[in-house]
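Take a look at the protein below. We will walk through a few of its parts, step by step.

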Amino acid sequence: MNRANIGKMILATLILVAALKFMEFFDTTYISTEKMKEIQQLVDESSVGKIQVNWKDVTAIASVEYTLDTVTTEELVKTTSLFMEKIGDRYRLKEMAEVTEALAYDEKQIKEVKTFRKYLNEGGIFSKMESGGSVQRSFISNLKGEAIENYKIYGILPSITIAQAILESGWGKSELSRKYNNLFGIKSYNWDGESAHIRTSEFHDEHVQADFRVYETVSDSLRDHSVFLTENPRYERHGLFAAKTYMEQAAALQEAGYSTKENEAGEKIYSELLMELIRQYQLQLIDSEAHLEYG
């Protein structure tokens with residue numbers, strides 16, 4: 001057998017071995033999109049009233065502890081609780097390393113966790129759940145840093161800030177955001193700055209003319225959004241700043257009357273719209289990142 005044929009055989013063998021390892025990994029760890037969304041929803045619900053836990057971290061640990069396709073609600077709630085530490089009347093979010101250490105994982109188990117975590121970040125449909133198109137990725141990326149900084153100062157979760165900006169500005173494409181840098185549809189009431197008279201929608205299908213705040217930059221809009229919520233007593237009265245997770249803050253914004261959006265039946269839908277955006281683009285993971293950075 002000549003050298004060329006030997007080289008081809010070696011290459012084919014290496015490819016086969018790699019393929020088998022790939023198949024072995026995904027045979028043992030792959031779960032359906034429906035199951036993944038179920039886990040995400042359960043982790044988010046288990047975080048309510050405490051602190052936003054990263055569902056990907058929970059799933060990575062659960063992939064070692066249990067069989068994911070048959071993992072129970074009780075087991076997932078238990079795994080979620082591993083990432084929370086209660087200190088007085090508040091919760092601290094634990095790092096992955098703290099959890100694996102508390103579970104006394106060996107090197108093999110830690111490697112399994114890291115491999116599965118990488119799979120969640122890079123693996124096809126699950127990464128697409130949070131990526132969207134280039135316009136969406138850029139919009140979220142451009143707001144992320146300042147949304148986290150504003151959370152540190154004012155307590156508005158980054159996921160809520162970004163989701164409101166998406167919803168109110170149509171991904172930055174509305175006239176109000178393009179011309180006047182107003183991402184949140186904040187009107188000119190109690191405002192000494194420049195205003196713009198714009199036609200806008202109210203309730204389900206009603207349109208009105210109203211005056212809106214004008215900002216020099218998007219950063220000014222982001223900052224004023226946080227100040228607006230902080231200085232208006234009705235938001236604190238409805239529990240916006242006492243809320244620990246995006247689900248609670250979304251509900252508080254709706255109850256405080258931030259938006260008049262309704263469906264055809266006249267039911268308020270603002271909180272539902274915000275939560276759908278947050279889950280679709282995985283914005284709650286930014287909340288977890290902010291918790292780890294700032295506590």
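A residue counts as buried when its relative accessible area is under 20%. Keep that cut-off in mind. The model is predicted.

Begin with helix H3, which spans residues 55-65. This helix is mostly covered, with eight of its 11 residues buried. The buried ones are Trp55, Lys56, Asp57, Val58, Thr59, Ala60, Ile61 and Ala62. Now look at the start of H3. There, asparagine 54 points a side-chain oxygen to within 2.8 Å of the backbone nitrogen of lysine 56.

Trp55 leads us to another part of the chain. Its side chain makes a polar contact with the side chain of glutamine 282, at 2.4 Å. Where is glutamine 282 found? It lies in the loop between helix H14 (270-280) and helix H15 (284-294). Is glutamine 282 buried or exposed? Its relative accessible area is 2%, so glutamine 282 is buried.

Next, turn to a pair of helices. Helix H2 covers residues 33-47, and helix H4 covers residues 73-81. Their axes come within 10 Å and cross at roughly 55°. An angle from 65 to 115 degrees would count as roughly perpendicular, and one under 35 degrees as roughly parallel. H2 and H4 are therefore oblique to each other. Their crossing is right-handed.

Which residues meet here? From H2 come Ile39, Leu42, Val43 and Ser46. From H4 come Thr73, Leu76, Val77 and Thr80. By class, this contact has five nonpolar residues, three polar ones and no charged ones.

Conventions: Residues numbered from 1 in each chain as written. Predicted model: local features only at pLDDT ≥ 70, side-chain atom pairs only at ≥ 80, totals over all residues. Heavy atoms only, no water. Helix = DSSP H or I, 4+ residues; strand = E, 2+ residues; numbered from the N terminus. Buried < 20%, exposed > 50% of the residue type's maximum accessible area, 1.4 Å probe, protein only. Polar contact = N/O pair within 3.5 Å; in protein donor to acceptor, adjacent residues only side chain to side chain. Axes fitted to C-alpha atoms, helices over the stretch in contact; angles between N-to-C directions. Parallel < 35°, antiparallel > 145°, perpendicular 65-115°, else oblique. Left-handed = near helix turned anticlockwise from the far one by under 90°. Contact = heavy atoms within 4.5 Å. Nonpolar A, V, L, I, M, F, W, Y, C, P; charged D, E, K, R; others polar.
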